Amino acid sequence: MNRRKFIKNTALTGAGLTIGKSLIGCADKPAEDSKTAIVSSESSSKAKLPLVIATWHVKEATAKAMEVLQAGGNALDAVEEGCRVEEANEKGQSVGKGGLPDRDGNVTLDACIMDNYGNCGSVVYLQNITHAVSVARKVMEDTPHVMLAGEGAKQFAISKGFEPEDLLTNASKKAWKKWKIEAKYKPIINIENHDTIGMLAIDQNGDISGACTTSGLAYKMGGRVGDSPIIGSGLFVDNEIGACVATGLGEEVVKTVGSFLVVELMRQGKSPQNACEEAISRIVNKPNSNYKDFQVGYIAVNKKGDIGSYSIHQWFSVTKFQYGVNEQIQSDYFNKA
Ligand code: SD4
C-alpha cells in the first residue's frame with residue numbers, strides 16, 4: 001500500500017502527519033560539532049566497554065548513561081537514566097514533557113525497555129506522565145505483563161508514585177494550533193531530530209540493555225501507537241548477540257519487525273552496520289515503496305561493542321559515548337540520489 005492509500009484508508013486525508021519535532025525533508029543539519037563520518041567500527045580487540053549509543057543528537061542523555069556505567073551501574077539503569085534526561089527536556093518536542101500532541105491536542109507517549117535477561121516492559125498511549133521509560137521498567141519488574149496501555153498504564157504509574165502532570169507545553173500547544181489552521185498532510189523527513197530517543201548500552205560486565213521513548217508522530221490520529229513500545233519493532237535486545245533500536249516512521253518499522261530483524265541478522269554473522277543496512281533495504285526494496293517520503297533509521301551494537309547505523313535519508317545521526325568520548329556521528333544512508 002502506498003502512502004497515499006494508507007492515508008486514505010486510515011482517514012488521514014486532509015490532516016497533517018509528521019514525525020516528532022522539527023519539520024521538512026532533510027532540512028535538519030547536524031549540530032556544529034558533529035562528525036561527518038559513517039558509523040562503522042568493526043575494529044580491534046581493544047576493550048570497547050562500557051559504551052552507550054543513542055539515536056539523534058542527545059549528548060546530555062548519553063553523558064548521563066555513561067556516568068551510571070562508570071559508577072559501576074548496570075546497562076539497564078544506564079539506559080533508563082539516559083532516556084529520562086530527554087523525557088524531562090521540555091524543548092524536545094518528540095518525547096516526554098513538551099512532546100507534540102495528536103491532532104486532538106493530547107500528548108500520548110510510547111516507551112519500552114529490555115534487559116540482558118530478555119525481560120521487557122512497555123507502555124503505549126500513556127498520558128500525563130513524563131517518565132514513560134520508568135513506567136515501562138515498572139511494568140517489566142512489578143507486573144506479570146509486558147505492555148500496559150492508556151488509562152490502565154496511567155493508573156498503574158500513579159499507583160507507583162508517578163505524579164500526573166500536563167505534558168502539553170505552551171510551545172507545543174502553539175505548534176499544534178498553527179498546524180490546525182491547514183491540518184494538511186505532509187510527510188516530513190527527519191522531523192524527529194533530535195529528541196526521540198532510542199538508547200543501547202553495554203556495561204562493564206558486557207551485559208546489554210536498551211530503551212526507547214517517544215511522543216510518536218506529531219498530529220497522529222487519536223489512539224495511534226508506533227513502533228517504539230513494541231518489542232522486536234522499536235527495540236530488541238539479545239544479550240548473547242547484540243541489540244537494535246529504531247527511529248522514524250514507526251509504521252514501516254512495525255511492518256518489517258525491524259529491530260528483531262537486525263539482531264537476527266547479527267546472529268547470522270552480519271556486522272551491526274551490515275545488519276542495519278539490510279533492514280533498511282527490506283523497507284526501500286518493497287514493491288511500490290514510497291521511501292522517498294519518510295525516514296527510518298536503525299542503530300545497533302553487537303556483543304563485542306562494534307556499532308552500526310543506517311537510515312533511508314541523510315542527516316540521521318547517532319550519539320556515541322565510548323573510549324571517554326561523547327560524540328555525534330552522522331549515519332550513512334541509502335538515498336544518495
Ligand atoms: C513513531 N518511531 O512513533 C516513532 C517516532 C520516532 O523519532 O521515532 N521519532 O513512529
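**View 1. Bridge between S311 and Y333.** S311 has Y333 of β15 as its bridge partner. The bridge belongs to the parallel pairing of strand β12 (residues 307-311) with β15, which extends over 2 bridges; strands count as paired if DSSP finds at least two bridges between them. Strands (E, at least two residues) and helices (H or I, at least four) are DSSP runs, numbered from the N terminus. The model is predicted: local features need pLDDT of at least 70 and side-chain atom pairs count only at pLDDT 80 or more, whereas totals for chains, interfaces and linings use all residues. Residues are numbered from 1 along each chain as its sequence is written, and side-chain values use heavy atoms, with hydrogens and water left out.

View 2. In the order β9-β10-β11-β12-β15, 5 strands form an open sheet with mixed pairing. β9 (235-238) and β15 (332-333) each have a single partner strand, so one side of each is left without a neighbour in the sheet.

**View 3. Helices α8 and α9 across the sheet strands.** Helix α8 (residues 258-267) lies across β9, β10 (242-248) and β11 (296-302), at about 145 degrees to β10. Helix α9 (residues 272-284) lies across β11, β12 and β15, at about 20 degrees to β12. Angles run from 0 to 180 degrees between N-to-C directions, with axes fitted to C-alpha atoms, for helices over the stretch in contact (heavy atoms within 4.5 Å).

View 4. T196 lies in the loop between α6 (170-182) and β6 (197-202). T196 is buried, with a relative accessible area of 7% (buried means under 20%, with a 1.4 Å probe and protein chains only). Residues touching T196 include T55, W56, S94 and T247, not counting residues up to four places away in sequence.

Notes:
Buried < 20%, exposed > 50% of the residue type's maximum accessible area, 1.4 Å probe, protein only.
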